[in-house]
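Thanks for coming. Please look at the model first.

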Amino acid sequence: MTIRMTRRAALLGGAGLAAGTLAAPAVAQPSPIRLGGLTTLEGPFATGGQDAYRCVQMELERINHTIGGRRIEFIRESSNAQADVALARARKLIEQDNVDIILGPLSGAEGIALRDYSRTLTGKTIVNGSSGASDTTLRNPSPNFFRFSTDGTQWMAGLGRHVFQQMGIREVAVTAGDYAFPYAQVFGFNLEFCRLGGRVQHYWAPLGTTDFTSQIAQINRSSAGAVVVVHGGTDGLAFMTQYAQAGGSKPLIGGSIMADQTMLSARGPHRRVMNGMISGGPIADVIDDPTWREFVERYRRRWLNEGGFQSPSIHAVNYATNLHGILHALGAVNGDLSSNQAAFQRALAAAEITAPTGAAVKLDHNRQAISDIFLNKIEERQGNAQVVAFGRTQGVNQTLGMPEAQFLQLGAPSRDNAGCVAA
């Protein structure tokens, strides 16, 4: 399904002109910039995808859908977190809707698919939405794929160290989705935790798993001192609900999309076990930063009574951050996308922006964001579960501070390469 958001000006003819009166010559208006949006409105991440489009719409409304003297026409498309579907919808946006730029996708494998597709395009640009697989930009990057949001490995910066050093936990059970984004998250956590001497048991589940009872029984019987949960969407809700129902009592450490309003806004027994959960990620509901407070207030005014959350979700903020990168570069070239978008892409690569969280964002040589990561804790405040930032690491790069060549030698994150290497 495609939803078009256009505002076409009507040219009204002067039907009653007096004889001999000449009509003023029509002034050609610049053609609109066609921005294609691709997010998941189907499948396990549909709630996050809906919120992503809320923030995109809010930010386009803020500039009256205009940049550099040109209108922005936003053409929405939907995926379901599957790479083949995302690729088909991206092709439609390019080949049928003739968009200039794609903003998206949301999920990790989708991002890798669009990175590869972007290499086949001339005069078009793809800017990430919220997909967080590290290899999308770290290995074999595409010159016309840009990501102003940090990746799943970056989002775990500081978390493994905190669990080992501050919480005193020496062994964890990791339950995670068996696909690209959780691989990156687990890799980032394990790099710190295992190098400090921590031990990890891994439990993997395909995307779309609904029954975790057997896995939870094994985890509850294990010697692990905490459970690291790296699921999301309906998978994460299913795991947490069943963990609560099984009487799980081990401390919970959350992957980034676990500690999010797409999870916390749902009512159920999972809320009890999530209270106090520690996590890492690029946002929190409560951040002591005026830029973030202003963004959240605008979001609430626009969306709280129209299906939105108490504060924007991680996917919504990532889409907004990447949209800010697009708008910054369009402003820098005064809306000019000529010469196969060469100047626009140079402006993207050189852009330094401020994310909605107040964090500074710039891109590395792979066109990947370097930005701040937060350590968070879930707290009940005034009857609402909120993610509260208690720590902040500034300027985290994609290799977590390691030299890139050394980091690449560790290999790509996978279920068989989960980051537990000796120091």
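A search through the whole structure turns up one disulfide, where a disulfide is a pair of cysteine sulfur atoms within 2.5 Å. Before the details, note that this is a predicted model, in which local features need pLDDT of at least 70, side-chain atom pairs count only at pLDDT 80 or more, and totals for chains, interfaces and linings use all residues. Residues are numbered from 1 along each chain as its sequence is written, and side-chain values use heavy atoms, with hydrogens and water left out.

The disulfide joins Cys 194 to Cys 420, with an S to S distance of 1.8 Å. Cys 194 lies in helix 6 (residues 180–195) and Cys 420 in the segment after helix 14 (404–409), so the pair ties together parts that are 226 residues apart in sequence. Helices here are DSSP runs of H or I with at least four residues, strands are runs of E with at least two, and both are numbered from the N terminus. Is Cys 194 buried or exposed? Cys 194 is buried, at 10% relative accessibility, while Cys 420 is partly exposed at 38%. Buried means under 20% relative accessible area, exposed means over 50%, and partly exposed is in between, using a 1.4 Å probe and protein chains only.

The largest nonpolar core has 82 residues, and Phe 148, Phe 239, Met 240 and Phe 344 have the most contacts inside it. Such a core is a set of buried Ala, Val, Leu, Ile, Met, Phe, Trp, Tyr and Cys residues joined through side-chain atoms within 4.5 Å. Helix 12 (residues 314–332) gives the largest share of this core, ten residues. A second, separate core has 20 residues, including Ile 169 and Leu 375.

Leaving aside neighbours within four places in sequence, Phe 148 is in contact (heavy atoms within 4.5 Å) with residues including Thr 321, Asn 322 and Gly 325.

Helix 12 also meets helix 1 (residues 46–62): the axes come within 7 Å and cross at roughly 35°. Axes are lines fitted to C-alpha atoms, for helices over the stretch in contact, and angles run from 0 to 180 degrees between N-to-C directions. Which residues make the contact? On helix 1 they include Ala 52, Cys 55 and Val 56, and on helix 12 they include Tyr 319, Ala 320 and Leu 323. Cys 55 is buried, at 0% relative accessibility.
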